[in-house]
Amino acid sequence: MDENGNPGTVVSSMNNSMGGGDGVEGMEQRLTSCIEKALQGVVVERQEHEGPSSGGDAREVDASQPATDIASALAHQTRHGLRPEDIHVLVVDDERMSRTIVSSLLKKCKYSVTTAEDGAEAMELLRSHPPGTFHLVLTDVQMPHMNGLELLQYIRSEETLRCVPVVMMSSYDNGNVVYDCVEGGAEEYLVKPVTQKEVQRIWQHVLKKRSVATTVPQADAKMMQNVALAKEVDTCTSGETGRESKSTVTSDFLKMMRNKRIQEIAELRSQVSQLEKDCSLVERICGMEMNGHGGKRQKFDSAVLDKKKELDNVYFTKIHNEHKEDALKHFARDLNVMSQMNAFNVTSVIRSGNMANPQEMVCCADFDADDLHFATVSVSRSVKVFDFESMMTAPDALQFPVWQATTRAKLSSVSWNSYIRSHLITSDYDGCVQLWDVSSGATNELTQFEEHSKRIWSIDFSRLDPLQFASASDDSTVRLWNLQQSSSIDCLKTPANACSVHFCPFKATTLAVACANHNSYIFDTRKTASPIAVLTGASRAVSYVRFLDRHTVIGASTDNTVRAWNLDTEGDVVPPAEEYNGHANERNFVGLSVHQDGFIATGSEDNSVCCYYRAFPFPITQHMIDAGDSESDKKPMSSNNPRTFVSSVSWARHSKHLLVPTVFSSSQVLRVEQSSRTQSQLQTETLRQR
């Protein structure tokens, strides 16, 4: 440093010693050496102003501490045989320069050091090394991917890592951040730039943890911490804290708690003020609409009460980001939909198996264009067509397929033609597509299309072109077909296994494809060399993709999440506009279906079906499927005992009926409608909430 305290010496020495072009490794070595030399100068200068430091020997304790504390620390240290070279520190910082400086300081004090660029890399190091490898974690707060607070939360949640001390460091001396770190379990909070004297004494945190672990029973640990805190308060009040701040740790902590509560009160007051204004605006809008249309006020529905907390978050995160009056109108419309459509009721139950095979695994289903019939396919190589109209007329009657056929391979998908009403196509595990004519009564396929080299996961008829359909396969291709040609008319190469394909119902040349590489793609079928948009955001394979409307695509992935993408977003890489959570899906194909009115249905591996509405990220209703009373259903799910789960969902095209096939059990037809809870039940729940 120069005489004014500026780091000019450090910068100039670094610039002078980093000449040459012998590669990145040589530059890093020269950078580290330069920093160490500069730090030696800083240490000498600080020793002249502050007196001798403790050096690198952990047995020398800071002279500013009371004599009794020094003796106690030395006694503990001797008993545990703890030295700096015995302590392995994991340094986590996304800034390369800061990481290098802190590592050099620690190495000068004879600590063993390992570095990580962010919290995710640090978490992987902690997982991959045996317990006890790292004795202390020194982490920055602000980092990409996984910040310091998230890393701290992970360490405190792991049984094998809870005894590892965590010291936080940051360039920001923000009271709320410090409070969050202390509340999360951090041992200390250092403000950058970190000094050598600060890193010299971090061994004390390891010593304290070991002392508590070896001398204090777990049941009395909390009491001992309180005693230590009381001693610290006494020491601070008696004036024996040396050069430390006059305010005690307890006082600072309480002030931070107070400031946080004051901030929360201010936010609540602001929200109350916003709500009062919005109430007046809504009353005015509703009054105008009622006077204009002669309508009547709707009653408060129980579904709104059940989802009060979730709706609160939606309201304050979305409403005030748009034009107020338009946003409130949209919110009122969506809230009205949820209050009217918030429960699944069973209208019919269909046994998907037969006497020879009572546990048939239905993997896909689809309604025809007029909702007169629906078809199911299964891995037991059967395709069946049921009369939906007669099923709704007599829902309690035994249901048998009006047409069925058997194939040579396991089936995976089915799709109806929207114009040639009796035509449907199926796909199988051998990579073949079959075309069937249900009205003829024949059980042999009309045509078979064979070009895929591996299993086909998904097929889809275009709703605007009656002759065109597409197939997505494990061979990383999507093929476009025409019923009048025996070979495919085009082949789209995908970066990974293609899991799902869907034509846009509003534009014949737009096609969506879901892939196992965590992305979905939008193609123009007239120019298939490259996609026109890449839909990102999923952390695991995307198993289904559907068009909700002309501008919105819905996708489901095996990370327990359904996502919505807005195709009007600028750029060819599109992040998700909304994420829907509330179902379980980590390993199986559980189905995805969208309704033209904005409803999104998906299966769940806990044998339930969830219904989302496009405006809300939580399920508006969820229905548990009766798994039956068999012994296999009562055992935990395993490879030898596959438990029942929802395997597919399909909305009827012109009503709110949802077909829900399940694995190894019956299929159900559900209808989404208003909850049947009585007004007295609603009043009772309202009183409990109050």
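Modeller: What follows is a talk about the overall build and then some charged pairs. This is a predicted model, in which local features need pLDDT of at least 70 and side-chain atom pairs count only at pLDDT 80 or more, while totals for chains, interfaces and linings use all residues. Residues are numbered from 1 along each chain as its sequence is written, and side-chain values use heavy atoms, with hydrogens and water left out.

Colleague: How many helices and strands are there?

Modeller: The chain has 17 helices and 34 strands, where helices (H or I, at least four residues) and strands (E, at least two) are DSSP runs numbered from the N terminus.

Colleague: And what share of the residues is buried?

Modeller: Of the 690 residues in the chain, 46% are buried; buried means under 20% relative accessible area, exposed means over 50%, and partly exposed is in between, with a 1.4 Å probe and protein chains only.

Colleague: Switching to charges, how many salt bridges does the structure hold?

Modeller: The structure holds 15 salt bridges, each being a side-chain nitrogen of Lys or Arg within 4 Å of a carboxyl oxygen of Asp or Glu. Side chains of opposite charge can pair when their charged atoms come close.

Colleague: Which residue does Lys 192 pair with?

Modeller: Lys 192 forms a salt bridge with Asp 140, and their closest N and O atoms are 3.5 Å apart. The pair links distant parts of the chain, 52 residues apart, with Lys 192 in the loop between strand S5 (188-191) and helix H8 (196-200) and Asp 140 in strand S3 (residues 136-140).

Colleague: Are those two buried or exposed?

Modeller: Lys 192 counts as buried at 15% relative accessibility, and Asp 140 also counts as buried, at 5%.

Colleague: Now, what does Arg 479 meet in a salt bridge?

Modeller: The side chains of Arg 479 and Glu 451 meet in a salt bridge of 3.0 Å, N to O. Arg 479 lies in strand S17 (residues 477-482) and Glu 451 in the loop between strand S14 (447-450) and strand S15 (456-461), so the pair ties together parts that are 28 residues apart in sequence. Arg 479 is buried, with a relative accessible area of 15%, whereas Glu 451 is partly exposed at 29%.

Colleague: Which residues do shared partners join into one network?

Modeller: Salt bridges that share partners join Asp 93, Asp 140 and Lys 192 into one network.
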